[in-house]
Amino acid sequence: MRIFHFSDVHGEIDWLNMADLSNVDLIVSTGDFFPNCSRGNVGKEIGFQTSWWNKNKDFVAGAFGSIPILIVNGNHDYICLAESLANVGCSATLVTPSGVNVGGIRFAGFREIPYIAGEWNGEKIEEELSRIVAETFGSDPEILVTHCPPAGILDQCGGGYGGRGISVGSRSLLDALSYRNHRIRAHLFGHNHNQSGRIEHMGIMFYNNACGWDIVEI
């Protein structure tokens, strides 16, 4: 399966004019698709993102066409991209912990991220994240689709103390990938803008395509 994975575009969509989707079987978006007008003011963000979508929906839908799309929302998203795309005729599905099958492959995931400051959607303490992770792994996915990375894997943000960077990944997610019995062979995510790329670890391919896109071969 040939997957076009993108993440964290934050309303910047001109790149869709350049993206080659001609030989793609599936599109996966791992969150933060919409722009923001505040620091998480729900009353402002819903109206702002709805207005932005109404202006841009025809362009986005035309770019994606009939290709199936799997989506997890991000912490900056206050309307649902999957629902918005489905309303304009795209084949869009929201990925949840309960999972979904596409082309005989099991995908599952979630939008929640480790707690930052309580300003954005989906912020959870690790105890809450642990329950969501357990539910996700219980659906036995082959491909994990989340907004946040696992702790320590393409998750270093900024210089931090001593220049070592700050981890924005989930410890619960890393523990599950390290110690639970599972058949995950690829993990697609974003959230961290400072360490995009791909890496193989524990026999799993990890893809952080924040602020960009890449072709993932499964």
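The model is predicted: local features need pLDDT of at least 70, side-chain atom pairs count only at pLDDT 80 or more, and totals for chains, interfaces and linings use all residues. Residues are numbered from 1 along each chain as its sequence is written, and side-chain values use heavy atoms, with hydrogens and water left out.

**Six-stranded sheet**

- Six strands make an open sheet with mixed pairing, in the order β5-β6-β9-β12-β14-β13. Strands (E, at least two residues) and helices (H or I, at least four) are DSSP runs numbered from the N terminus, and two strands pair if DSSP finds at least two bridges between them.
- At the edges are β5 (100-102) and β13 (197-201), each pairing on one side only.
- From one strand to the next, the twist averages 25 degrees; axes are lines fitted to C-alpha atoms, for helices over the stretch in contact, and angles run from 0 to 180 degrees between N-to-C directions.
- Strands β9 (residues 143-146) and β12 (residues 186-189) run parallel and are joined by three bridges. Leu144 has His187 in β12 as its bridge partner.

**Helices on this sheet**

- Helix α3 (residues 126-138) packs on the sheet and touches β6 (105-110) and β9, its direction making about 170 degrees with that of β6. Contact means heavy atoms within 4.5 Å.
- Helix α4 (residues 171-179) lies across β6, β9, β12 and β14 (204-208), at about 175 degrees to β9.

**Five-stranded sheet**

- Another open sheet, also of mixed pairing, has five strands in the order β4-β3-β2-β1-β15.
- Its edge strands, β4 (92-94) and β15 (212-217), each have a single partner strand, so one side of each is left without a neighbour in the sheet.
- Its twist averages 20 degrees from one strand to the next.
- Three bridges connect β3 (residues 69-71) with β4, and the two run parallel; Leu70 is partnered with Thr93 in β4.

**Aromatic rings**

- The whole structure holds 11 aromatic pairs. Rings of Phe, Tyr and Trp (its six-membered ring) pair if their centres lie within 6.5 Å; planes under 30 degrees apart count as stacked, over 60 as edge-to-face and the rest as tilted.
- Phe33 and Phe34 are edge-to-face because their ring centres are 5.2 Å apart and their planes stand at 85 degrees.
- Phe34 also forms an edge-to-face pair with Trp53, at 6.2 Å centre to centre and 80 degrees between the planes. Phe34 lies in the loop between β2 (26-29) and α1 (42-64) and Trp53 in helix α1, so this pair ties together parts 19 residues apart in sequence.
- Phe34 is buried at 0% relative accessibility, and Trp53 is buried at 5%. Buried means under 20% relative accessible area, exposed over 50%, and partly exposed in between (1.4 Å probe, protein chains only).
- Ring pairs link Phe4, Phe6, Trp15, Phe33, Phe34, Trp52, Trp53, Phe64 and Trp213 into a cluster.
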